[in-house]
Amino acid sequence: MQLLQDRALRMTLCAAMGLAGFASSQERNLYDPWAPRQQAQEPVQQPPLLPNPLDILLKGEVVHPRFAGNPAEQGLGGLPFLTPPGFGAYPGGQFAVPFRDAPVGVATAPMVARSPNAWPTWLPEESSVGGEDGFTPDVAIIAQTNDYVWVLEPDETAFTPLAYWDRYRVVPTGTALDVRGGGQFSIAFQRGSVVRSLGAARAVLERLDEEVTAVGFDHLSRVIVVAGERPVRVRIGRAGAVEAVSCRLSVARDGGLVHVVNLGPGQARFDLGDRTIDLGRGFRISVIPDLPPEGPSLELGLRGDLQTSRDGRVLRAVAGAAGGSLDWSGARFELPRGSNLVVDPLAGSAFPEGRP
């Protein structure tokens, strides 16, 4: 009987010690995060997840058969989940990282440089009648942009209007243009220079060659000049001509005057015949284009019985018994006997020394 009681006591003590050990293990795991963990049981197998679309795009797991190789070696797998690689990229180009993939297709051949005498792309082929040599310096292209533009070619005897369906004409030197209403036209020259006219105008192509392109306007309303490396010379009535290189010019009529403005960035100069005036960027000059051949000179001109004297920059003229006249800056002053005339140049420091 005593033996059975000892065995029961020992079993109770062992059970108590086991519970104490279990409690201390639990307490240590709770307060000691670095305690070694017990061996984990094998995880329960989860059902396979659907493929990640980003992985498909990055790894190229799903590719359209058109981009995957020979379709005879692999069957169609249906439509791709995402856009196939290379879709939407520039020809021969690449996607940005991480969407970059091998280029699809054959590399394009290098572009062949256009001939310097190639016709403009906007010119219809049937209108390119300038010869087999192409757009050479000795011809120009007239483009009618609005209303009627009348053309007189050198071998013709009368002006003919450009029809609404015939807006382009390739013409040589000596061709004349006439706009009698509100028409507009552009003259294109080799190497990119353009002269555009708006409103009533009368013009003639005076010179077309490698050295200079010259257009004369006997009458104009508004003209825009875009000059390239080859000089473009525009004559304005009898007032003179303006020559531009690598710049734009605005030529506009205001009553009896024509204002010429250099819009830059290059340089221009105005040729008055006996002298030249530089016209820098942003500068303007006003001229009188409709002077008659026997009209007043832009320079100082004296006629008749006149006695002149100077006081600084001021010129004084006194008429003698026969009287006379004085021309200055396009104006003529008739001086009867005994009259006096005082002229002040204002913008200059003195009158020019040389005079007729």
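The briefing below takes these topics in turn, with the definitions given where each term is first used.

This is a predicted model, in which local features need a pLDDT of at least 70 and side-chain atom pairs count only at pLDDT 80 or more, while totals for chains, interfaces and linings use all residues. Residues are numbered from 1 along each chain as its sequence is written, and side-chain values use heavy atoms, with hydrogens and water left out.

**Confidence**

- The chain has an average pLDDT (the predictor's confidence in each residue, from 0 to 100) of 77, and 64% of its residues score at least 70.
- The pLDDT is below 50 over residues 22-29, a stretch that has two contacts (heavy atoms within 4.5 Å) in the model beyond near neighbours in sequence.

**Strand pairing**

- Strands count as paired if DSSP finds at least two bridges between them, and by this criterion β12 and β13 pair in the antiparallel sense over 13 bridges, with A252 standing opposite H259 in β13.
- The hairpin formed by β12 and β13 has two residues between the strands, and G255 in the turn has a positive phi of about 70°.
- β11 also runs antiparallel to β12, to which five bridges join it, and the bridge partner of V232 in β12 is A244.
- Three residues lie between the strands in the hairpin of β11 and β12, where G237 takes a positive phi near 55°.
- β10 pairs with β12 in the antiparallel sense over five bridges, and V226 stands opposite R248 in β12.

**Salt bridges**

- The structure holds 16 salt bridges, each defined as a side-chain nitrogen of Lys or Arg within 4 Å of a carboxyl oxygen of Asp or Glu.
- R269 forms a salt bridge with E243, with the closest N and O atoms 3.5 Å apart; R269 lies in strand β13 (residues 257-271) and E243 in strand β12 (residues 240-254), so the pair ties together parts that are 26 residues apart in sequence.
- In terms of relative accessible area (buried is under 20%, exposed over 50%, partly exposed in between, with a 1.4 Å probe and protein chains only), R269 is partly exposed at 41%, whereas E243 counts as buried at 15%.
- R269 and E243 also belong, together with R233 and D271, to a network of linked salt bridges.
- The side chains of R235 and D218 meet in a salt bridge of 3.1 Å, N to O, which links distant parts of the chain, with R235 in strand β11 (residues 232-236) and D218 in strand β9 (residues 213-219), 17 residues apart.
- Both partners are partly exposed, R235 with a relative accessible area of 21% and D218 with one of 41%.
- R207 and D209 form a salt bridge in which the closest N and O atoms are 2.6 Å apart, and here R207 is partly exposed at 34% relative accessible area, while D209 is partly exposed at 22%.

**Nonpolar cores**

- A nonpolar core is a set of buried Ala, Val, Leu, Ile, Met, Phe, Trp, Tyr and Cys residues joined through side-chain atoms within 4.5 Å, and of the 39 residues in the largest one, F217, I236 and V260 touch the most other members.
- β12 gives the most to this core, with five residues.
- Not counting residues up to four places away in sequence, F217 touches residues including F185, V195, V223, V234 and I236.
- Another core, of nine residues, lies apart from the largest one and has L306, A317, L326 and V343 among its members.

**The loop residue T136**

- T136 is found in the loop between α3 and β1 (139-146) and is buried, with a relative accessible area of 14%.
- The side chains of T136 and D138 are joined by a polar contact of 2.4 Å, a term for a pair of N or O atoms within 3.5 Å in which, within protein, one must be able to donate a hydrogen and the other to accept it, residues adjacent in sequence counting only if both atoms are side-chain atoms.
- Leaving aside neighbours within four places in sequence, T136 is in contact with N117 and Q190.

Methods:
Helices (H or I, at least four residues) and strands (E, at least two) are DSSP runs, numbered from the N terminus.
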